[in-house]
Amino acid sequence: MGSLLIKNGRLVTVEQVQQKDLLVVGEKIKEIKDSFTAEEIPAGCTVIEAEGKYVFPGIIDAHTHYFLQSRNSTTADDFYTGSVSAAFGGVTSFIDYAGQFTGLTLAEANQRRREQAEGETVLDFSLHQCVYSLHPGIKDELAELKQSSINNLKIFTTYRKEGYMLAEESWEELFRLARELKLLITVHAEDNQLIEEIWAGHQSRTEVPPHFHPILRPPQTEYRAIIKLGRLAGQLKMPIYIVHLSSREGYQAVKEIRASGGRLIVETVPHYLLLNKDLLQERQAQKYIMTPPLREEADRQALWQGLQEKGIDLIATDHCSFTVEQKLRSNHCREILPGIPGSETLLPLIFSKGVRAGYFDVRRMVDLLSTRPAKVFGLYPEKGSLQVGTDADLVVFDPKKEVRLADAQQHSAAGYTPYTGIELQGYPLITIVRGKVIIKDGNFYGKRGSGQFLPAQESSFDQG
Ligand SMILES: [Zn+2]
């Protein structure tokens, strides 16, 4: 079995930062101690000198859409390019989504999605299972899904016409079934009724360019949806998970629900923390269209405050990449393919703009990007920890390395990054997945298809 020793790195966990040596044998973390002497290092061991560098547990992007086929298009990134690009940014596992399809049970749909990723991904992965509608037999399907090691669902409260919205009258039934089976419900929370009402007032326009997107889907839609969902979950005494929180009003709803005893687990994503709607006035503004839309400065600040006061629990990306050519095919904000690339920039952005900027420390960053998602989605401690005996998924990170983000420096098949021009201090150098170095000094050494499906346990994070 191959071995790997990371010497003198500053190992970061939620609890502490310690300078230690970390020995990997095969796929697992074998031993951590102050220092290995020359005699103690196994023969043939690869030694990585990491003095002055951080060693993080591998980053988990808990919200990705690689190889998404939707709206008669396919995303720029497939499971191979998406996972390689993520690996360059220190991501070692991701959680993607399986759709619900007529004629397939949920477990069958999930299996089909799993097979799309297997043989392609270079990172380990799990899947969220989408539920668009209920029908007789759904209970058995959910039970079967759970048997196949999927423990979380995804519902949408919008996109009615596109067929993704779970009708409001079905929420309670699904919530009850999920509670019984201990499946965690994750939600895209925007109030569809309000969105349709606002759209009714604009649909006679001949042009609806990108800067209309925030007008058509204002923060109030997020507020309303979170309140409705949160109240229902509160009555049923179960937690729910809100994906990509985008606004000050949305965060206000989170606080109100919690104040009344409701349990919400809340995710945000880098673009709502770092970008604002001014970009939608720029040339090629289509490149910045995603849903929910970019917001105001005050929203951005409210989300940072939410992270700072621990009202927001974790950060993922909602990576859903299209090429510039795909994005520019329409200038109608409701027809532009929604989504942006993000996995590769997640860790470096949150380090520079979160830790360096003083919103939280590096231990908390590890919690937000690795430990917390691992616990919430049942992958802990195999993922998201530095515990001896668990998977050696590691990032060696240089806190001093200066990088200016640029389209050409990124590896996503999108060919652009919405963060182009941003100056960073701190960047991942080495990414290790189950004991194998797959990224080192800007080069990829992994193998297509080496990533594995991760059977998930029940969620072990609940604010209770
Ligand atoms: Zn998404």
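Colleague: Is cysteine 45 buried or exposed?
Modeller: Cysteine 45 has a relative accessible area of 14%, so it is buried. Buried means under 20% relative accessible area, exposed means over 50%, and partly exposed lies in between, for a 1.4 Å probe and protein chains only. This is a predicted model, in which local features need pLDDT of at least 70 and side-chain atom pairs count only at pLDDT 80 or more, while totals for chains, interfaces and linings use all residues. Residues are numbered from 1 along each chain as its sequence is written, and side-chain values use heavy atoms, with hydrogens and water left out.

Colleague: How many disulfides does the structure hold?
Modeller: The structure holds 0 disulfides, a disulfide being a pair of cysteine sulfur atoms within 2.5 Å. Cysteine 333 is accordingly in no disulfide, and its nearest cysteine sulfur, that of cysteine 320, is 17 Å away. Cysteine 333 is also buried, at 2% relative accessibility.

Colleague: Turning to rings, how many aromatic pairs are there?
Modeller: The count comes to 18 aromatic pairs. Rings of Phe, Tyr and Trp (its six-membered ring) pair if their centres lie within 6.5 Å; planes under 30 degrees apart are stacked, over 60 edge-to-face, and the rest tilted. Phenylalanine 125 and phenylalanine 453 form an edge-to-face pair, with 5.7 Å centre to centre and 65 degrees between the planes.

Colleague: Which parts of the chain does that pair link?
Modeller: It links distant parts: phenylalanine 125 lies in strand 10 (residues 124–130) and phenylalanine 453 in the segment after strand 19, 328 residues apart. Helices (H or I, at least four residues) and strands (E, at least two) are DSSP runs, numbered from the N terminus. Phenylalanine 125 is buried at a relative accessible area of 0%, and phenylalanine 453 is buried at 10%. Both belong to a cluster linked by ring pairs, together with Tyr66, Phe67, Phe79 and Phe94.

Colleague: What pairs with strand 17?
Modeller: Strand 17 (residues 423–433) pairs with strand 18 (residues 436–440) in the antiparallel sense over 4 bridges; two strands pair if DSSP finds at least two bridges between them. Valine 433 stands opposite lysine 436. The two strands form a hairpin with 2 residues between them, and arginine 434 in the turn has a positive phi of about 40 degrees.

Colleague: And which strand pairs with strand 18 over 2 bridges?
Modeller: That is strand 19 (residues 443–444), again in the antiparallel sense. Asparagine 443 is the bridge partner of lysine 440. This hairpin has 2 residues between the strands, and aspartate 441 takes a positive phi near 45 degrees.

Colleague: Why is helix 12 described as largely enclosed?
Modeller: Helix 12 (residues 346–356) is largely enclosed by the rest of the structure because 9 of its 11 residues are buried. Among them are Leu346, Ile350 and Phe351. Glycine 358, which follows the helix, has a positive phi near 90 degrees.

Colleague: Lastly, how much space lies in the largest pocket?
Modeller: About 640 Å³. On a 1 Å grid over the protein atoms alone, a pocket is an open set of points where a 1.4 Å probe fits, with protein on both sides within 12 Å along at least five of seven lines, and lining residues have an atom within 4 Å of a point. Grid points are joined across faces, edges and corners, and the volume is the space filled by probe spheres set on the points. Of the 34 lining residues, His65, Leu68, Ser70, Phe156 and Tyr164 are the closest to the centre of the pocket.

Colleague: Which element gives the most to the lining?
Modeller: Helix 2 does, with 4 residues.
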